[in-house]
Amino acid sequence: MIKTLEWTDEGVRFIDQRKLPTEETYLTCTTYEEVADAIRDMVVRGAPAIGVTAAMGIALGVRDAEGDHVSELRRHFDEICETIGETRPTAVNLFWAIRRMQDRFEACSEMPVEQIKQALILEAQRMYVEDIAANEAMGKHGAALMPSSGGVLTHCNAGALATCGYGTALGVIRAAVESGKKLQVFADETRPFLQGSRLTAWELVKDGIPTTVISDNMAGTIMKQGKIDAVVVGADRIAANGDVANKVGTYTVAVLAKEHGIPFYVAAPFSTVDLETPDGSKIPIEQRATREVTHIAGKAIAPEGVKVENPAFDVTPAKYVTAIITERGVVKAPYEENLRKLAKVAVSA
Ligand code: MRU
């Protein structure tokens, strides 16, 4: 399995996703500030991977914090959480992970400093293991929804590289293929950062899953040609009403899928569901550097001085979503009611 990220004694180790697919290089962040930079600079990206990275960054910062008193440790802990929390605003997994580490800190705040540090490291490692298990469960639930043979379109990268392993949308595809389904994946290249052609294609080709890269503007015509039987994408945040924030361009794909009568599935762990955000209009959308649009591999592809927009995500209204595949099961409309039901089931389980 691809090691997207990993806790080591030296620090948090990442495959550098900015360099893929041409270079497979690894980078170890030895301070929490470096971990925050790795999230901001897209060394590591994808909502679930960002969440676990945040937890590991916090654990790393706390491990190396000075001071013998819990009050000192708490001061460092708060600073670390604040720095990590300012990296990327849309993926709710980041804030979910911070809150979980805060809860853990509170739960063991009566213990000696060294034990608190150890508990936080263990919590981050637990989140890593849970993420892979959630993806495998999602894969099982979602595989049943995939056609026994045919084309599946995906946008961005919701694969092993966006998680601790196996992937969400690509986990569903992997599980379907493992169960004997004959799928042909169409990967949108996903401008401007090219997560589809650089990352999705890289990991699927590595796995021997038939994959065709298309530029984003080809999706409509490929659907019209009857080559797509299902769409499956990931999510950065799912609002209580089922609106889905995901990589910009997802909304276009969802509308096209509706027009062509193609089911549109979203695969995401429950940590991506944000019941405190009522609908998609309240989801903060990250604006990224204009250079991502005006340059490819360091080369200008637009005239200097031109105006540029670069919202990293868009919101797909729930009405376009056929089903949301989570590790707890498949959710269909009415989303508000069914997401809340599933949230309660798991809490009492
Ligand atoms: O900007 P990115 O690369 O972090 O955006 C990633 C996506 O939009 C993914 O589809 C999403 O995080 C789901 S990952 C399982």
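Reading threonine 163 and its chain

Colleague: Where does threonine 163 lie?

Modeller: Threonine 163 lies in the loop that runs between strand E4 (149-154) and helix H6 (169-178). Helices (H or I, at least four residues) and strands (E, at least two) are DSSP runs, numbered from the N terminus. This is a predicted model, in which local features need pLDDT of at least 70, side-chain atom pairs count only at pLDDT 80 or more, and totals for chains, interfaces and linings use all residues. Residues are numbered from 1 along each chain as its sequence is written, and side-chain values use heavy atoms, with hydrogens and water left out.

Colleague: How many helices and strands does the protein chain have?

Modeller: The protein chain has 11 helices and 16 strands.

Colleague: Is threonine 163 buried or exposed?

Modeller: Buried means under 20% relative accessible area, exposed over 50%, and partly exposed in between (1.4 Å probe, protein chains only). Threonine 163 counts as buried because its relative accessibility is 0%. Of the 349 residues in the protein chain, 55% are buried.

Colleague: Which residues does threonine 163 touch?

Modeller: A contact means heavy atoms within 4.5 Å. Leaving out residues up to four places away in sequence, threonine 163 touches Thr4, Leu5, Pro48, Ala49, Asp131, Asn135 and Thr168. In the protein chain, 74% of the contacts between residues at least 6 apart in sequence join residues at least 24 apart.

Colleague: What box do the C-alpha atoms of the protein chain fill?

Modeller: Taken along the principal axes, the box is roughly 65 × 55 × 40 Å.
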